[in-house]
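Subject: Structure handover

Hello,

Here is the structure I said I would pass on. Please look at it first and then read the notes below.

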Amino acid sequence: MAEPATVTAALTVDDRRLQRKLGYWSLVAMGIGSVIGSGWLFAAMFAAQAAGPASLIAWVVGGAIMLALAWVTAELGITHPESGGTSRYPLYSNGRFAAGVIGWCGVVAVIGTPSLEAAAVMQYASSYIPGIFAGGSLTPLGVFCAAALLAGFTLLNYFGVKLFSESNNLVTAIKVLIPTTAIIALFISGFAGAGGAGGVGNFSAGGGFAPYGASAALAIIATGGILFSFNGAAVIITISGEVKNPRRNIPRAMVTTIVFSIALYIGLQLAFIVATPKSDIAGGWHGINFNSPFAELALALGLQWLYWILIADAGLSPTGAAMVGVGSNARNVFALAKNGFLPRWLQKIDDKWGVPRRALAVNFLVGLAFLLPLPSWHAIVSIIGILGALTFGVASVSAGVFRRAGVTTSATRLRGVGILAPITFAAGGLVVTWVPWATILPTIPLLGIGFLWYFVTFFAQKHSRQDLRGGLWLIIFYVFLYVACFLGGFGIHIIAAPWDSIIVAGGSIAFYYWGVHEGTRYMRANPQIAESMREVSSEIATEEREAQAEAAR
């Protein structure tokens, strides 16, 4: 590997090939299109299975965390709009070590998303196509069909962001209508007791509102698909370098997407609870198990028309989310190549179509690898949820660093971010330590691979000690989280609840301020970063003023 250039936020030739064509409605369509994927088809069942009606707590807590985080990351997006920004911001604020680790976790999580959506399509399709899903996982034929879907998702993104966004706008409009229809129909039938539905009585049946304790509801925030379902809004930041008028459009689109998502998923969870037949939860909520949850519920309630709509949408919703996921992760790989963490040839942007085609091709190949060891929706979403929780709070540290370094100006500051940043960082730590130790254990080798690869780049590219110091706090923070999880109430119970959560919350806030301190030191030692960020911000502000003046003529 070549020795890396000095870290700078200046726009490269490849950055300038990306086309700023996405407006507010396209961003909302992308955000909601990513949110309404396989999560709405499966998450309500797995959440109810693990926590009963108390699963509603998980959606409220998870939604509140993601709304706060969306506001924090929106400030990053308007301070420095850049495609693949979620992988670039840690580089600017804390150096190559932090950026490499965070970028690796984020890319692995997002690369798995299209595979997850393809697996979801196959699982629902097993209702009418035999031989593709059995024993809780895809068969070899099912894996082959899912791989073919991945190829289709990649090809659509291959021909430019404009074609992708236009096709996604139509798909998203349909996707919003179908789950909304399902909520209304299942509510009406559930309360009427059609097909043996339990209605309101299900809140006290099967062991009561929280049959497995409140801790079960907290655990599923990461592993039950809750964070995964909300995390689609992150695509708006990932693709921020292709947004026109970002200072106006990014915050509005982020908040719109998350607020809509919270309302939708709470409605779906309520509908699932009241529509579930009483006989299915006679032995407890753990006993419910559907291959195609909402479709099978519709059939049990005699809603044949809804059954066929849901079966059709089981192809549409995950497909739309996967299209967004494929395009989003290509920008993350593009950004990691710019960081020097991945080979430089992956940052090549196609001159004609303005997309990182090489990154798309690599993502497709890695996505195939996800399908082989994890051939089911639930298996993939657990790993993605934990890795996502490990990464999303680091955006809060970058926001704090940019404020202290004077990069975030009065024009790009969002009210409340100074308070929300440490809170969202601590919330990310809590979500990780609420995961049962046996579930979190498989993520350790994945993190280890990222660490090992970073040190390959460290010695090959001769990184500075500043890079190591800027990210050392993050590694110690991860060790702290894993030890707390192992010793706490979700591990071997040496530290009982709620003391495990109190320790993690307090420790996480301390690590947040340590990270901001080290990041501020790093940016002061590398003044060209802040200077180049201000230059880009000024350039974008000029473009916005020119566009507004042109529109006024």
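**What was found**

The accessible surface of the protein comes to about 19600 Å², and 68% of it belongs to carbon and sulfur atoms. Accessible areas come from the Shrake-Rupley method with a 1.4 Å probe, and for residues only the protein chains shown count as cover.

This is a predicted model, in which local features need pLDDT of at least 70 and side-chain atom pairs count only at pLDDT 80 or more, while totals for chains, interfaces and linings use all residues. Residues are numbered from 1 along each chain as its sequence is written, and side-chain values use heavy atoms, with hydrogens and water left out.

The protein has 23 helices and two strands. These are DSSP runs numbered from the N terminus: helices are H or I with at least four residues, strands are E with at least two. Of the 553 residues, 61% count as buried; buried means under 20% relative accessible area, exposed over 50%, and partly exposed in between (1.4 Å probe, protein chains only).

Which residues touch the most other members of the largest nonpolar core? In this core of 146 residues, they are Trp-40 and Phe-272. Helix H12 (residues 246-275) gives the most to this core, with twelve residues. A nonpolar core is a set of buried Ala, Val, Leu, Ile, Met, Phe, Trp, Tyr and Cys residues joined through side-chain atoms within 4.5 Å.

Leaving aside neighbours within four places in sequence, Phe-272 is in contact (heavy atoms within 4.5 Å) with several residues, including Ala-44, Trp-285, Pro-293, Phe-294 and Leu-297. Pro-293, Phe-294 and Leu-297 are also among the buried residues of helix H13 (residues 293-300). Just after H13, Gly-302 takes a positive phi of about 80°.

Thr-433 lies in helix H18 (residues 417-433). Is Thr-433 buried or exposed? Thr-433 counts as buried because its relative accessibility is 7%. The side chain of Thr-433 reaches the backbone oxygen of Leu-430 at 3.1 Å. Not counting residues up to four places away in sequence, Thr-433 touches Leu-481, Ala-484, Cys-485, Phe-490 and Val-504.

Tyr-128 lies in the loop between helix H6 (96-125) and strand E1 (133-134). Tyr-128 counts as partly exposed because its relative accessibility is 44%.

Regards

Notes
A polar contact is a pair of N or O atoms within 3.5 Å; within protein, one must be able to donate a hydrogen and the other to accept it, and residues adjacent in sequence count only if both atoms are side-chain atoms.
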